[in-house]
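This report describes the fold of one chain, from its overall layout down to single residues.

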Amino acid sequence: MKPYKNKINRIRSFALGLIFFGFIIMYGAIFFKDNGILVTIFVTLGLLSILASTAVYGWIGLLSTKAVPVVCPNCGKHTKVLGRVDMCMYCKEPLTLDPNLEGQEFDEALNKKR
Ligand SMILES: [Zn+2]
């Protein structure tokens, strides 16, 4: 098992999670329909979380323009690399844009090191 995911995919799942979270919270408001204050709180939280996910989706759009499109050497599909090291969106092949890192063990920490 490889523990890492392609960054753009990971952010996208996060945004999707936020949407689900928002809907679940708003759905939860039904159980408190006798208490107007709780309903307001739940619906507001739900809306905030959906708004946040919209913002995250916008952020993905921005990141995608900065990501470098590459053809994965392993599966031959077009994927996007974000940062110095990232994974193929399809086969999770570690990819790097830095020739110095080629052949090295994949490590998220390489993104932070200079
Ligand atoms: Zn691939």
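Helices (H or I, at least four residues) and strands (E, at least two) are DSSP runs, numbered from the N terminus. The model is a predicted one, in which local features need pLDDT of at least 70 and side-chain atom pairs count only at pLDDT 80 or more, while totals for chains, interfaces and linings use all residues. Residue numbers start from 1 along each chain, as its sequence is written.

**Overall layout**

The chain contains 2 helices and 4 strands. Read from the N terminus, their order is α-α-β-β-β-β. The C-alpha trace spans about 60 × 30 × 25 Å along its principal axes. The radius of gyration, taken over C-alpha atoms, is 19 Å, whereas a compact globule of 114 residues would have one near 13 Å. That globule rule is 2.2 Å times the number of residues to the power 0.38.

A residue is called buried if 20 or more other C-beta atoms lie within 10 Å of its own, exposed if 12 or fewer do, and partly exposed in between, with C-beta atoms placed from the backbone. On this count, 14% of the 114 residues of the chain are buried. Two residues are in contact if their C-beta atoms, placed from the backbone, lie within 7 Å. Of the contacts with a separation of 6 or more, 44% join residues 24 or more positions apart.

**Domains**

Domain bounds come from an automatic or database domain assignment. The chain is split into domain 1 (1-66) and domain 2 (68-114). Their centres, taken over C-alpha atoms, are 28 Å apart. Where they meet, 9 residues of domain 1 are in contact with 11 residues of domain 2. On the domain 1 side, α1 (7-28) and α2 (36-66) each supply at least two of the touching residues. The largest share, 3 residues, comes from α1. By class, this side of domain 1 has 3 nonpolar, 3 polar and 3 charged residues. Here Ala, Val, Leu, Ile, Met, Phe, Trp, Tyr, Cys and Pro count as nonpolar, Asp, Glu, Lys and Arg as charged, and the others, Gly among them, as polar.

**Helix residues**

K7 is found in helix α1. It counts as buried because 21 other C-beta atoms lie within 10 Å. Leaving out residues up to four places away in sequence, K7 touches L82, G83 and D86. I24 also lies in helix α1, but it counts as exposed, with 12 C-beta neighbours inside 10 Å. L38 lies in helix α2 and is partly exposed, with 14 other C-beta atoms within 10 Å.

The table gives C-alpha separations for pairs that involve these residues.

| Pair | Apart along the chain | C-alpha to C-alpha |
|---|---|---|
| K7 and M87 | 80 residues | 7.4 Å |
| I24 and F42 | 18 residues | 9.6 Å |
| L38 and G28 | 10 residues | 9.9 Å |

**Strands and core**

Two strands pair if DSSP finds at least two bridges between them. Strand β1 (residues 68-71) and strand β2 (residues 78-81) pair in the antiparallel sense over 4 bridges. Within this pairing, V70 stands opposite T79 in β2, and V71 has H78 in β2 as its bridge partner. The two strands form a hairpin with 6 residues between them, and G76 in the turn has a positive phi of about 75°.

A positive phi is also found at K92, at about 65°, although this residue is not a glycine. K92 sits in the loop between β3 (85-87) and β4 (94-96). With 19 other C-beta atoms within 10 Å, K92 is partly exposed.

Which residues make up the largest nonpolar core? A nonpolar core is a set of buried Ala, Val, Leu, Ile, Met, Phe, Trp, Tyr and Cys residues joined through C-beta atoms within 7 Å. The largest has 5 residues, namely V81, M87, C88, M89 and L95. In soluble globular proteins, nonpolar side chains tend to be buried together.
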